[in-house]
Amino acid sequence: MVLNNTLCISLFLLLIACNTDNQSTIDTNSKDNTPSNPKALYAIHCDACHGVDGKAGVSGAANLSISKLSDKEIENTILNGNEKGMMPFKDMITNPKDIKSLVDYVKTLRK
Ligand code: HEC
């Protein structure tokens, strides 16, 4: 009986231990202090239309390598989209740090 109880408790603790490890999905919106990964963000959210080098132009996407927008304008375009068909990302990329790093990353695509 004593042995059975010990076994039960052990299994219970094992279950709890297993349950804490349930955050295996990538959380691009996390508000923790891990550094932003703009390359990954761009790959997830942007390159399908703009292309890895910014020049793909899929569904009318702007050529980011010749874009002349200021930081503020890039940020505004990412957050709110624009009238030429860029979609708003403010509900998808909610961490300001991620937006900031994406703005910098977009500028690296310029020649
Ligand atoms: C569904 C396709 C699509 C996706 C995904 C997309 N874009 Fe766009 N993007 C567009 C279109 C269409 C335009 C408008 C074309 C224009 O402004 O001439 C645009 C315009 C822009 C512009 C304005 C460029 C300029 O010089 O006017 C920026 C900056 C931009 N996108 C950045 C991004 C970033 C960063 C992401 C990812 C967070 C992203 N886009 C995701 C389609 C997309």
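**Burial, iron site and helix packing**

Q: What share of the 111 residues of the protein chain counts as buried?
A: Of the 111 residues of the protein chain, 27% count as buried, where buried means under 20% relative accessible area, exposed over 50% and partly exposed in between (1.4 Å probe, protein chains only). This is a predicted model, in which local features need pLDDT of at least 70, side-chain atom pairs count only at pLDDT 80 or more, and totals for chains, interfaces and linings use all residues. Residues are numbered from 1 along each chain as its sequence is written, and side-chain values use heavy atoms, with hydrogens and water left out.

Q: How many helices and strands are there?
A: The protein chain has five helices and zero strands; helices (H or I, at least four residues) and strands (E, at least two) are DSSP runs, numbered from the N terminus. Read from the N terminus, the order of elements is α-α-α-α-α.

Q: What about contacts in the protein chain: how much comes from residues 24 or more positions apart?
A: Among contacts with a separation of 6 or more, 54% join residues 24 or more positions apart. Contact means heavy atoms within 4.5 Å.

Q: Changing topic, which residues coordinate the iron atom of the ligand?
A: His50, through NE2, and Met86, through SD, coordinate the iron atom at 1.9 to 2.1 Å. Donors are N, O and S atoms within 2.8 Å of the metal (3.2 Å for Na, K and Ca).

Q: Where do histidine 50 and methionine 86 lie?
A: Histidine 50 belongs to helix 3 (residues 47-50), and methionine 86 to the loop between helix 4 and helix 5, so the pair ties together parts that are 36 residues apart in sequence.

Q: Why is the arrangement of the six donor atoms called octahedral?
A: The six donor atoms subtend angles of 87 to 179° around the iron atom of the ligand, which makes the arrangement octahedral. Six donors count as octahedral if opposite donors are over 155 degrees apart and all others between 65 and 115.

Q: Is histidine 50 buried or exposed?
A: Histidine 50 counts as buried, because its relative accessibility is 9%. Methionine 86 counts as partly exposed, because its value is 23%.

Q: At what angle do the axes of helix 4 and helix 5 cross?
A: The axes of helix 4 (residues 71-80) and helix 5 (residues 96-108) cross at roughly 115° and come within 9 Å. Axes are lines fitted to C-alpha atoms, for helices over the stretch in contact, with angles from 0 to 180 degrees between N-to-C directions.

Q: Which residues make the contact?
A: Helix 4 contributes Asp71, Ile74, Glu75, Ile78 and Leu79, and helix 5 contributes Ile99, Leu102, Val103, Val106 and Lys107.

Definitions and conventions
Four donors count as tetrahedral if all angles lie between 85 and 135 degrees; four count as square planar and six as octahedral if opposite donors are over 155 degrees apart and all others between 65 and 115; anything else is irregular.
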